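The structure comes first, then the notes by topic.

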Amino acid sequence: GVPFDLLFYVRHLKHADRLARELPGLPMVIDHLAKPGIRDRSMDDWLPAFKAAAQHGNVFCKLSGMITEADWANWKPADLKPYVEAALEHFGPDRCMYGSDWPVCELAGSYEQVHGALTEVLGPISDDEVHAIFEGTARTFTGSQNDRSSAIVEIDSGRCTAACRRCRTFGRCPMRGRLALRGNHAAHGCRAEDHSGVGQSG
């Protein structure tokens with residue numbers, strides 16, 4: 001089926017379990033982890049329904065929208081860690097995908113800060129897990145896993161805003177414009193297939 005985004009708040013999350021049971025052929029993703037109460041370090045009202053949804057293989061989780069659920073002015077990566085760890089424990093890297101939530105994230109931090117915070121929280125995970133979270137899962141979810149040659153990387157004002165699997169960095173690209181990358185990436189020797197072409201803004 002056509003992939004479907006579940007833009008839920010915590011109070012709606014209980015419905016994910018029923019939807020997944022009644023529509024087992026429909027791939028669906030929980031956006032922003034269903035907006036748990038990160039500012040208040042609240043998990044008890046969120047985790048049971050989150051775990052129930054994770055029992056269904058057609059339900060995915062988008063690691064996005066977290067900093068705007070934290071204290072906008074004073075959040076730090078450690079605030080996000082319990083929620084990311086819960087997502088990885090119950091969904092696994094193969095059903096978790098990165099999302100920047102740009103431009104909404106700008107209320108609490110930059111695109112680069114969002115990516116950097118998740119990278120810090122993930123810690124020293126394997127290359128396969130990095131690939132899954134920053135690209136592979138999104139490709140599987142959208143059905144574009146074999147479409148590497150057409151990966152689009154958005155480059156604006158000299159800042160590469162795609163997630164690079166190899167160097168995992170931003171802001172070092174001297175290129176301009178919207179490009180379909182093929183071959184070597186001039187900025188730091190990365191290849192087109194090292195960059196996420198999906199899930200950039202969600």
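Helices (H or I, at least four residues) and strands (E, at least two) are DSSP runs, numbered from the N terminus. The model is predicted, so local features need pLDDT of at least 70 and side-chain atom pairs count only at pLDDT 80 or more, while totals for chains, interfaces and linings use all residues. Residues are numbered from 1 along each chain as its sequence is written, and side-chain values use heavy atoms, with hydrogens and water left out.

**Loop between S4 and H4**
- Leu107 sits in the loop between strand S4 (96-98) and helix H4 (111-122).
- Together with Trp72 and Val104, Leu107 makes a nonpolar surface patch of about 290 Å².
- Such a patch joins nonpolar side chains (Val, Leu, Ile, Met, Phe, Trp, Tyr) within 5 Å, from residues with over 30% relative accessible area and no salt bridge; the areas come from the Shrake-Rupley method with a 1.4 Å probe, and only the protein chains shown count as cover.

**Sheet**
- Four strands form an open sheet in the order S1-S2-S3-S4, with parallel pairing (two strands pair if DSSP finds at least two bridges between them).
- Strand S1 (4-6) and S4 are at the edges with a single partner strand each, so one side of each has no neighbour in the sheet.
- From one strand to the next, the twist averages 30°, taken between N-to-C directions of lines fitted to C-alpha atoms, on a scale from 0 to 180 degrees.
- Strand S3 (residues 59-63) and S4 run parallel and are joined by three bridges; Leu63 has Tyr98 in S4 as its bridge partner.

**Salt bridges**
- The count is nine salt bridges, each a side-chain nitrogen of Lys or Arg within 4 Å of a carboxyl oxygen of Asp or Glu.
- One of them joins the side chains of Lys62 and Asp5 (3.3 Å, N to O).
- This pair links distant parts of the chain, with Lys62 in strand S3 and Asp5 in strand S1, 57 residues apart.

- Of the 13 residues lining the largest cavity, Ser64, Gly65, Met66, Ile67 and Val114 are the closest to its centre.
- A cavity is a set of points on a 1 Å grid, over the protein atoms alone, where a 1.4 Å probe fits but cannot get out; lining residues have an atom within 4 Å of a point.

**Leu33**
- Leu33 is not a glycine, yet has a positive phi of about 55°.
- Leu33 lies in the loop between strand S2 (28-30) and helix H2 (47-54).

Methods:
Patch = residues over 30% accessible without salt bridge, like charges linked within 9 Å, V, L, I, M, F, W, Y side chains within 5 Å. 1 Å grid on protein atoms, 1.4 Å probe; cavity = no way out; pocket = protein on both sides within 12 Å on 5 of 7 lines; lining within 4 Å.
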